[in-house]
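User: I would like to know what stands behind the labels used for this model. Please set each value against its cut-off.

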Amino acid sequence: MLDLKFIRENPEIVRRAIEVKGVNLDLDELLALDAQVTQLRRRTEQLQAERNANAKAASKAKPEERAALIERGKEIGRQLALLEPELRELEARLKNLLYLTPTIPWEGAPVGPDDSFNVETRVHGNPRIFLFEPLDHVALIEKNGWGDFERAAKVSGSRSYILRGDLMIYEQALLRFALDRMIQAGFTPLSVPSLTKEEALYGHGQFPTARDQVYEVNGGEAYLAGTAEVLLNYLHAGEILPEGEVPKTYCALSPCFRSEAGSAGRDVRGLMRVHQFNKVEQYVLCRADLEESKKWFDTLLSISESILQALELPYRVLEVSTGDMGLGKYRQVDLETWVPSENRYRETHSCSALLDWQARRANLRYREAGKVRYAYTLNNTALATPRILVMLLENHQNEDGTVNVPKAVQPYFGKEKLEPTP
């Protein structure tokens with residue numbers, strides 16, 4: 001969320017951010033509610049101060065004066081009993097509106113309502129020209145016995161998959177390869193739970209707007225996280241990190257779960273869009289400084305690009321538009337990787353800077369030069385499976401149906417090719 005003081009002092013800047021990000025928020029309603037809360041809070045504080053003073057006076061009063069003071073104390077208590085519930089209700093309504101306030105986007109972000117306004121800034125590598133009729137990833141999996149979609153659907157429903165033989169081992173090799181890349185870059189590796197509390201999803205920014213994307217467990221007692229970022233972002237919630245303890249640079253390997261609500265009919269075949277997947281996530285909590293944030297943004301993006309380059313995959317870099325980047329993003333750059341069977345690029349990485357938007361929601365603070373500040377946060381995918389398998393299988397296939405393994409991954413996989421499962 002944004003700093004309420006900033007919103008009061010810069011309503012037109014906030015109004016413009018609401019417009020270019022396509023957020024359904026009435027800023028005038030928020031400001032009017034803020035004024036009500038401020039007035040009611042002031043009145044409540046005055047009454048509380050009067051009650052304290054009255055109680056102190058009553059304890060020292062003469063007997064003939066004490067009865068009136070006691071009666072006045074009761075009257076103040078009755079007024080507070082009426083005002084305090086009203087104040088709590090108004091504060092809750094204001095907080096819900098603050099949850100919907102967007103980060104002011106980076107001035108260089110393309111302005112537009114959706115992904116059609118994203119701007120390609122560069123391309124790395126060229127799509128492969130095949131000298132034979134290539135297969136798509138599903139046909140390759142079926143030809144080689146590398147998976148079972150039909151039985152997966154029988155036991156788990158649609159958008160499920162089972163990997164077999166070499167492909168199962170290949171997935172694990174890729175995840176460890178990506179994790180090692182992060183460790184080499186100086187990030188601390190963590191394993192995190194898949195279960196998360198509601199407050200962590202609010203802190204991350206997924207709630208309240210995207211509840212339909214999250215699986216609820218035990219009537220809302222917990223939820224299945226759609227990314228390790230949810231957990232990483234809440235690790236230090238409520239803490240004040242001492243001087244010298246930022247930045248925090250984490251990477252996490254975790255199973256992730258998404259309901260894919262609203263995607264009916266899209267990518268229902270194969271591994272592109274599934275309910276459960278694995279991901280190595282990058283996360284940074286750093287000082288509240290734009291230059292510091294930019295440095296880490298460039299670092300996260302560079303790591304992801306180095307991974308795609310090591311996997312020998314063609315990709316392009318997109319500057320994401322204001323309407324496509326999401327509520328909390330200051331800047332977002334996506335990496336899209338080439339899918340031969342679709343003759344187009346598909347997103348595999350999303351690098352995001354959120355300034356202090358998440359930190360204010362999750363109460364992420366640090367101490368610097370004697371002052372307590374809200375931190376800045378950033379995140380990016382390092383590698384997500386099984387989606388990346390779509391690109392790897394299709395781009396590196398051979399005419400006989402086998403698939404070459406990139407040299408960088410061969411030490412993890414133990415072979416140069418994926419071969420049919422007996």
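User: What makes the pair R273 and E260 a salt bridge?

Analyst: The closest N and O atoms of R273 and E260 are 3.2 Å apart. The term asks for a side-chain nitrogen of Lys or Arg within 4 Å of a carboxyl oxygen of Asp or Glu, so the pair qualifies. This is a predicted model, in which local features need pLDDT of at least 70 and side-chain atom pairs pLDDT 80 or more, while totals for chains, interfaces and linings use all residues. Residues are numbered from 1 along each chain as its sequence is written, and side-chain values use heavy atoms, without hydrogens and water.

User: Are R273 and E260 buried or exposed?

Analyst: R273 has 15% relative accessibility and E260 has a relative accessible area of 14%. Buried means under 20%, exposed over 50%, and partly exposed in between (1.4 Å probe, protein chains only). R273 is therefore buried, and so is E260.

User: How far apart are the closest N and O atoms of D34 and R8?

Analyst: They are 2.6 Å apart, and D34 and R8 form a salt bridge. D34 belongs to helix α3 and R8 to helix α1 (residues 4-9), so this link ties together parts that are 26 residues apart in sequence. D34 is buried at 6% relative accessibility, while R8 is partly exposed at 42%.

User: How many salt bridges are found in the whole structure, and which residues are linked in a network?

Analyst: The search finds 31 salt bridges. R287, E292, K295, E368 and R373 are linked in a network of them.

User: Why is α2 called oblique to α3?

Analyst: Helix α2 (residues 11-20) and helix α3 (residues 27-60) pack at an angle of about 140°, with axes 10 Å apart. Angles under 35 degrees count as roughly parallel, over 145 as roughly antiparallel, 65 to 115 as roughly perpendicular, and the rest as oblique. The angle falls in the remainder, so α2 is oblique to α3. P11, V14, R15 and I18 of α2 make the contact (heavy atoms within 4.5 Å) with L27, D28 and L31 of α3.

User: Why does T44 count as buried?

Analyst: T44 has 4% relative accessibility, so it falls in the buried class. T44 lies in helix α3 and touches L80, L83, E84 and L87, not counting residues up to four places away in sequence.

Conventions: Axes fitted to C-alpha atoms, helices over the stretch in contact; angles between N-to-C directions. Helix = DSSP H or I, 4+ residues; strand = E, 2+ residues; numbered from the N terminus.
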